[in-house]
Amino acid sequence: MLGVYLATVPPTVGIWSSLFNLYNVFGAIAAILVISYLVYNVVKYRRREGHDEAVEERGEEKVNWRKVLFTLAITSSVLFVVELQTFNSVPLIVPPQSSDPLNIGVVGHQWSWTFVYPNGDRLVGNLTVPAGRVVILNITSTDVTHSFAITGLDVAVDANAGRYNSLWFTAPDAGSTYTIRCKELCGVGHAFMTAKMTVVDQATFNAWIQSTGGKPGS
Ligand SMILES: [Cu+2]
């Protein structure tokens, strides 16, 4: 089952993307069915000559309980399956227990992102992470609500003042870069509230974090 598969494999870009595509396919099929049925009924029951008289003659329309129950049964079954899959996917929200995660603080403000590294460094607009390691971001804001999103990794969470929201990911490929964006309209500078994420190997990361100067956080 998809749910069991999801619960045992760490989410990577591939899984998120395949889920996104799956939802697109399901959404398109549902849309085609619903809209076709709607158009069919609009045409079939369009107003015609003598319509009012016919309705008056028939008297009050009777409810077709068989149809109602059939629709209810189909809808409930679909929702039940979706609900099961949702509960199966809950472990995805929690980082894998066996991992040795790297915790980085993220502070959003109008209009930039500051990253607080474990050694106390605070760097604006520069998120550098080692490839293949679980990274946990603890995200907050000093002013309005922002939303932290890594384009291409398909992860995002709101940045709210007064609380920390976290997300986790593993970046699979050393040498690649990603663009971080705010995706909650937060003022005139919103569109330019970006940062760069660079993925390096663990040794390069260790050397880099030492070279940043270890400026203690303020
Ligand atoms: Cu914004």
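Biologist: Where does V43 lie?
Modeller: V43 is in helix 2, residues 13-44; helices are DSSP runs of H or I with at least four residues, numbered from the N terminus. This is a predicted model, where local features need pLDDT of at least 70, side-chain atom pairs count only at 80 or more, and totals for chains, interfaces and linings use all residues. Residues are numbered from 1 along each chain as its sequence is written, and side-chain values use heavy atoms, leaving out hydrogens and water.

Biologist: Why does V43 count as partly exposed?
Modeller: Because its relative accessibility is 46%, and partly exposed sits between buried (under 20%) and exposed (over 50%), using a 1.4 Å probe and protein chains only.

Biologist: Which patch is V43 in?
Modeller: A nonpolar surface patch that also has L22, F26 and I29 among its members, with about 1000 Å² of accessible area together. Areas come from the Shrake-Rupley method with a 1.4 Å probe.

Biologist: New topic: what coordinates the copper ion?
Modeller: C182 (SG), E184 (O), C186 (SG) and H190 (ND1), at 2.0 to 2.4 Å. Donors are N, O and S atoms within 2.8 Å of the metal (3.2 Å for Na, K and Ca).

Biologist: Why is the arrangement tetrahedral?
Modeller: Because the four donor atoms subtend angles of 86 to 127°, and tetrahedral needs all angles between 85 and 135 degrees.

Biologist: Are C182 and H190 buried or exposed?
Modeller: Both C182 and H190 are buried.

Methods:
Four donors count as tetrahedral if all angles lie between 85 and 135 degrees; four count as square planar and six as octahedral if opposite donors are over 155 degrees apart and all others between 65 and 115; anything else is irregular. Patches are made of residues with over 30% relative accessible area and no salt bridge: like charges are joined within 9 Å, nonpolar side chains (Val, Leu, Ile, Met, Phe, Trp, Tyr) within 5 Å. A salt bridge is a side-chain nitrogen of Lys or Arg within 4 Å of a carboxyl oxygen of Asp or Glu. Helices (H or I, at least four residues) and strands (E, at least two) are DSSP runs, numbered from the N terminus.
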